[in-house]
Amino acid sequence: MSEERFGEFVLVRWHGQVAELVLDRPKAMNAVSTEMARSLVAACTALAADRDARVVVLTSSHERAFCVGADLKERNSFSDADLLRQRPLTRGSYTGVLELPMPTIAAVHGFALGGGFELALSCDLIVADRTAVVGLPEVSVGVIPGGGGTQLLPRRVGAARAAELIFSARRVEAAEAAELGLVDQLVGEGQDREEALALAARIAANSPVGLRAAKRALRLGHGLDLRAGLEVEDAAWRTVAFSGDRAEGVAAFNEKRKPQWPGE
């Protein structure tokens, strides 16, 4: 198993064609500092360009937390000008995860608060263990969710539910989070990473061309009226219909064998 470090706080570990993107700032419960944001941007840029990466799993090296959000200790020393300078970088770290072209899964345990929950929301799927506590508490410290939370949460749970969670700034424990749809799969304590990697392996067995096109259609079509959404789907279909993966998939099905995807 190979791995590559991006700065001090982010690690990419390979499991075949599954890339594990590890938040690795345990001394600060993975609080997103300027340096960590820079590392996330670099790692996501590399992964987005890597045609061998079929699925990305976002995990944490901290035993009791996924990510507690922005580094408020660092921010406490900032001038207004410092905060303004940092904004494009921190925003880029969230959009870097959000815009990864392949399927993404967050493996959440312990605290996933503020920007930490926004990193999870930026993934396509969230697997959480029973210790997970999620929430967007930004209004309690005088800001708003600025890593995509005001846009991603209502797309998951609806406008009114998102408003209640954001306005109240409350923390939601694992069982309720699963019930409300804040997470997609609830697993036993300490099993989030293992289960997320297993799910990623099952997904990675499918056509990489098909996976990326399906994600593109899901993302671009969301929120459009049905007619426009179906046009998005048709455009995505046309990118795969004449691909090597499509030819291999049909041949493998008819020959009753496992496909050997060319990935193009």
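Me: Which residues are exposed on the other side of H6?
Reply: Ala160 and Phe167 are exposed there. Exposed means over 50% relative accessible area, buried means under 20%, and partly exposed is in between (1.4 Å probe, protein chains only). Helix and strand names come from DSSP runs numbered from the N terminus: helices are H or I with at least four residues, strands are E with at least two.

Me: Before we go on, what kind of model is this?
Reply: This is a predicted model, where local features need pLDDT of at least 70 and side-chain atom pairs count only at pLDDT 80 or more, while totals for chains, interfaces and linings use all residues. Residues are numbered from 1 along each chain as its sequence is written, and side-chain values use heavy atoms, with hydrogens and water left out.

Me: OK, back to the helix. Which residues of H6 are buried?
Reply: In H6, residues 159-168, the buried ones are Ala162, Leu165 and Ile166. They cover an arc of only 95° around the axis, which puts them on the same side of H6. That arc is taken from the directions from the helix axis to the C-beta atoms.

Me: Why would residues a few places apart point the same way?
Reply: An α-helix has 3.6 residues a turn, so residues three or four places apart point the same way.

Me: And what do the buried residues of H6 pack against?
Reply: They pack against helix H5 (149-157) and strand S10 (172-173). Contact here means heavy atoms within 4.5 Å.

Me: What comes just after H6?
Reply: Alanine 169 does, with a positive phi of about 60°. It has that phi although it is not a glycine. Alanine 169 sits in the loop between H6 and S10 and counts as buried because its relative accessible area is 15%.

Me: Switching to strands. How do S1 and S2 pair?
Reply: Strand S1 (residues 3-6) and S2 pair in the antiparallel sense over four bridges. Two strands pair if DSSP finds at least two bridges between them. Glutamate 3 stands opposite arginine 13 in S2. Their hairpin has three residues between the strands, and glycine 7 takes a positive phi near 65° there.

Me: What about S2 and S3?
Reply: S2 and strand S3 (residues 18-23) are antiparallel too, over six bridges. Histidine 15 stands opposite valine 18 in S3. This hairpin has two residues between the strands, and glycine 16 has a positive phi near 65°.

Me: Is S2 mostly covered or open?
Reply: Strand S2 (residues 10-15) is mostly covered, with five of its six residues buried.

Me: What order do the strands take in the open sheet?
Reply: The order is S5-S7-S9-S10, four strands with mixed pairing. Strand S5 (65-67) and S10 are the edge strands, since each pairs on one side only. S9 and S10 run antiparallel and are joined by two bridges. Valine 134 stands opposite valine 172 in S10.

Me: Last one: where is valine 141?
Reply: Valine 141 is in the loop between strand S9 (133-135) and H5. It counts as exposed because its relative accessibility is 52%.
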